[in-house]
Amino acid sequence: MRHVCVNAVGLTAALVVCFATACSDQDDEATRTARSFLSAWAAGDVEKAASFTDAPVQAKEELARIDEELGIKKTRLTPGTKQDAQREGAARVPFRVELTLSGAGTWRYRSSAEVRKSEGGDWKVHFTPAVLHPELKEPTSRLMLDRELPPRAGILAADGSNLAPETTVWAVSVWPAKVKDPRRVYRALEDPELGVDIDTDALKSRVKAAKPDQAVPVVTLRDGVFRKVRDNLSAARGLQFHDFERAVATTAKPLIGSVQPATAETLKNAGPDAAATDAVGASGLQYRYQKQLAGTPDITVRAAATPAFGDGRVVYRSKGTPGKPVETTLDPPTQRAAEAALASTEKKAALVALRPSTGEILAVANASDSAENLAFNGRYPPGSTFKVITGAALLQSGVTPRTPAPCPRTANVNGQKFQNQDAFDLPEGTTFRDDFARSCNTGFIGLRDKLGDGALTDMAGRFGIGASWDVGAVTFDGRVPTHASDNDKAAAMIGQGEVEVSPLAMASVAATVKEGSFKQPVLVPRVVQKKHKAARELDAAVVRQLRALMGAVVTDGSGSALRGISGRPGAKTGTAEFGADSPPRTHAWMIGFRGDLAFAVFLEDGGSGGKDAGPVAASFLRGLN
């Protein structure tokens, strides 16, 4: 038997109508009417499809509703042979249905359409809900789809503990019709105890545009925060609250991210199994691994006379899949020490810790009011911490720790003035070791003729800087462009100019010195497909000298904050200028290692590496003892 298929693609679904009989001009009127009805339905033209029925208003509504309610992605209709109906002037056309539902597999069943001849001689599909499914036997029956999401899987630390367990949170919203004193409402939402800045001007516009009884979402608060502000919020008539369970990060919050009601952007990221009513990953690892963590829902389709949950007969079930946890390398004791070390700073700050022998990321801490993960994605000049790379390039060129390297207050490069922090100088007889330990800019710049134009870019590459790392999260892995002039080279040698890094990248620099070779940092090992490998290794002699130089920073130089800490730590401080102020504002850095641990501390607009970042690093290391 020959099959002739009519294909039609609508805006929201792709539907195929296949006829077991030839689609020819010789078909009788009943068959042609059924074909026209199904073809229009297939094309997504519900109004045209309804015009071939004897109840066009109802048919249009029901055809549109089934597509929207079930989330149909593809429909295949295969009509069978026309059958005579029990009444004169009627025929029945059976057909098989295959519905591909979004995230719920393919549902197959049989139905039929009765075609009747009207008094005017036209043939019309006698439309009742049973055309859509034979179990829709009542005039008010509908197909209802129920979704039940599995519990969201966890984001796990290295010891298996959940870094974002389900916990009670409170959704705060405005009920426009109930607002009697708008000033009091918005004043309550500006309470610092909320711990979040709410754009009340934008909120006022949203409330004004909302319907009187439409809830206008404002903020979601953790249970502990809500309890502190509950009385103040409750006193403002027009605010309403409800509690529910949601995955909430207990540590490494900007890295782990948040789960929030779906937006257009986050719903697109969540994929076809998510619905607009779902809470989905909105940032961080929750966003990146949304599909893995969420799993897929159980889907039940009911033929019911009312929309009440559970009413009616179940006609289709699709079993969902549970979410799978994301396993990270974060070490809870190290993470706690990192966050405790940043707890007292009022600046935006970050601390990253690695295991040099493996590249495993042990801690990612951020001190910031925003959800921004500065630890991984910040782009900053590294200042004198970059002298580890510059020092490696100079040692590679033949400079030794005992090489004479004068350290005047200032250095002039083609009319451009460079100076040391606080304009210090070092006495006659200063060596390269002294310059490294005390972080003398002019001493390094005075050795610039030892380096070719591409030397710093090449050496940075041996530390993995400037590559693209597959970590398991979004990262900025540094940028060290080739210098176009002597002035650019001088600036780059001291971590200024166009050199940019993240705290993660600089923690990896310290780890590379400790390990002796670059081991790409890794956060989620199971998803890392190819670790970056440096094109060239560091020379063993250079590594030994760098370790000794970083030890001298602690014992004899700007890293004095780490003196007395066990484990013979090595470090390098950095004070990175930025902006156009005079004197310039500065970021504070310290990178270092102790045992099989490397770290980077960064304070945005934080002052001096030795005076400000150093004590934070010391607090972190002591917290691990």
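## Second largest cavity

Helix α18 gives the most to the lining of the second largest cavity, with four residues. Helices (H or I, at least four residues) and strands (E, at least two) are DSSP runs, numbered from the N terminus. A cavity is a set of points on a 1 Å grid over the protein atoms alone where a 1.4 Å probe fits but cannot get out, and lining residues have an atom within 4 Å of a point. The elements supplying at least two residues each are β18 (349-355) and α18 (503-515).

By class the lining has four nonpolar, four polar and three charged residues. Ala, Val, Leu, Ile, Met, Phe, Trp, Tyr, Cys and Pro count as nonpolar, Asp, Glu, Lys and Arg as charged, and the others, Gly among them, as polar.

## Basis of the model

The model is predicted: local features need pLDDT of at least 70, side-chain atom pairs count only at pLDDT 80 or more, and totals for chains, interfaces and linings use all residues. Residues are numbered from 1 along each chain as its sequence is written, and side-chain values use heavy atoms, with hydrogens and water left out.

## Largest cavity

There are two cavities of 30 Å³ or more. The largest has about 50 Å³ of space and is lined by E62, R65, I66, L132, L136, S141, R142 and L143. Two or more of these lining residues come from each of α3 (56-70) and β8 (142-148), and α3 has the largest share, three residues. Four lining residues are nonpolar, one is polar and three are charged.

## Second largest pocket

A pocket is an open set of grid points with protein on both sides within 12 Å along at least five of seven lines. The second largest pocket has a volume of about 1100 Å³. Of its 41 lining residues, Q419, Q421, N441, T575 and E577 lie nearest the centre. The lining has 10 nonpolar, 24 polar and seven charged residues. At least two residues each come from β21 (416-419), α17 (486-493), β22 (570-578) and α20 (609-623).

## Whole protein

The protein has 20 helices and 24 strands. Its C-alpha trace spans about 115 × 65 × 45 Å along the principal axes. Of the 625 residues, 50% are buried, meaning under 20% relative accessible area with a 1.4 Å probe, protein chains only.

Methods:
Points joined across faces, edges and corners; volume = space filled by probe spheres on them.
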